[in-house]
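This report covers aromatic pairs, pockets and nonpolar cores, in that order. The chain is shown first.

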Amino acid sequence: DTDKDLHDVTSYVIRRVLTGLLILVLLSMLTFVLFNALPSDPAALPCGKNCTPQVIEANRVRLGLDLPLWQQYWEFVKGLFIGRTYGSGTATFACAAPCLGYSFRKGQEVTPLILNALPPTIFLAVGAFVLWMIVGVLLGIYAALRRGRWQEKVTLGAALVGYSFPSFFIGLLLLFFVVIRWRLLPYPSYVPPTENPVQFFQTMLLPWITLALLFAAFYIRLTRNQMLETLSEDYIRTARSKGLSEKVVIGKHGLRAGLTPIVTAAGLDLAGLLGGAIIIESVFSIPGLGRLAVNAVTDSDLPVIVGTVLVAGTIIVIANVVVDLLYAVIDPRVRLT
């Protein structure tokens, strides 16, 4: 039985990882094809109004756009693993791995631009995630245990109100009252936590609260519904009849059995935020991945657009694989599917 269980777990992990890798390959191909199918000419974008046929052709050579499409894709994939070179002759310059392209608009490689924008987005997403999971799950359990009482109605009513407001409205409301009117916090100005922890916390607090209010409302309702469904099962009544404490019944038996949809939603929501919280980053002037993507679209910086799309898509695919693997931990029956 032990060998069989180990085989089931191993085959399950291998299947999920291989599926994730296949999706990543398809994602890179699709993104690359869409990038080349756009009506605008990438070779004409860097030179602006001073474009001449000679300049455009030179840019085409520097960007590698003079190569056949399949070879362009091969150079792109090769750049991700071993780096690549742009241009020819004395105009050759190298792009170190992982090379996501070169932005002639900014005169920089795309990878450092994304790596600089990624930490603020990670801090924003993880901080908000911790807040909304704690508040959402705890209040969801509380509402389930107070079913039919006024506490449940107040909790669900507050969740519905929080879920109804768009994120930019909540963010602007907090910004106006907390920062401008009451002056409880200084105006947001992002700095890394290693540089100034106090200023970092002051800048990130309102964005965390904004996202937590929005997402916690959903998790309150989700957790409540899952707990109500689980607590009505026969094995929960059996656990209570055996004299187990309510804390053990709810935490060990009730919550774990209802974790699967919560884990699914949490993994995908966190991955979505790691791909860039465009609106919140813009409202609070956070130089994250979402803001980088918006600026790239505004400037028609196609290499940066492709890079951010690939990074965001990769994060979501990896999150899906991790969620699938967590299923096997929460519910061993999943390993057999």
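Is F129 buried, partly exposed or exposed? F129 is partly exposed, with a relative accessible area of 21%, in what is a predicted model. That value is not under 20%, so F129 does not count as buried.

**Aromatic pairs**

The count comes to 15 aromatic pairs. In one of them, the ring centres of F129 and W132 are 5.4 Å apart and the planes stand at 80 degrees, so this pair is edge-to-face. The angle is over 60 degrees, which is the cut-off for that class. F129 and W132 are three residues apart in helix α4 (residues 110-145), and about one helical turn separates them. W132 is buried, with a relative accessible area of 0%.

F177 and W182 make a tilted pair, with 5.4 Å centre to centre and 45 degrees between the planes. F177 is partly exposed at a relative accessible area of 27%, while W182 is exposed at 52%.

Ring pairs also join F129, W132, Y163, F215, F218 and Y219 into a cluster.

The largest pocket has a volume of about 500 Å³. It is lined by 18 residues, and L24, L80, L100, L310 and T314 are the closest to its centre. Helices α1 (2-37), α3 (69-82), α4 and α13 (302-330) each give at least two residues to the lining of the largest pocket.

The second largest pocket holds about 350 Å³ of space. Of its 21 lining residues, A158, V161, G162, I170 and L213 lie nearest its centre. Two or more residues of this lining come from each of α4, α5 (150-164), α6 (167-181) and α7 (197-231).

The linings divide by residue class as follows.

| Pocket | Nonpolar | Polar | Charged |
|---|---|---|---|
| Second largest pocket | 19 residues | two residues | no residues |

**Nonpolar cores**

In soluble globular proteins, nonpolar side chains tend to be buried together. How many residues does the largest nonpolar core have? The largest nonpolar core has 69 residues, and L124, W132 and Y219 have the most contacts inside it. Helix α7 gives the most to this core, with 14 residues.

Leaving aside neighbours within four places in sequence, Y219 is in contact with W132, M133, G136, I262, A265, A266 and D269.

Which residues does L255 touch, leaving aside its neighbours within four places in sequence? L255 is in contact with V137, I141, M227 and I250. L255 sits in helix α9 (residues 246-257). Between L255 and I141 there are 114 residues in sequence, but the C-alpha to C-alpha distance is 8.4 Å. L255 has a relative accessible area of 19% and is buried, because the cut-off for buried is under 20%.

Terms used. Residues numbered from 1 in each chain as written. Predicted model: local features only at pLDDT ≥ 70, side-chain atom pairs only at ≥ 80, totals over all residues. Heavy atoms only, no water. Phe/Tyr/Trp six-rings, centres within 6.5 Å; stacked < 30°, edge-to-face > 60°. Helix = DSSP H or I, 4+ residues; strand = E, 2+ residues; numbered from the N terminus. Buried < 20%, exposed > 50% of the residue type's maximum accessible area, 1.4 Å probe, protein only. 1 Å grid on protein atoms, 1.4 Å probe; cavity = no way out; pocket = protein on both sides within 12 Å on 5 of 7 lines; lining within 4 Å. Points joined across faces, edges and corners; volume = space filled by probe spheres on them. Nonpolar A, V, L, I, M, F, W, Y, C, P; charged D, E, K, R; others polar. Contact = heavy atoms within 4.5 Å. Core = buried A, V, L, I, M, F, W, Y, C linked by side-chain atoms within 4.5 Å.
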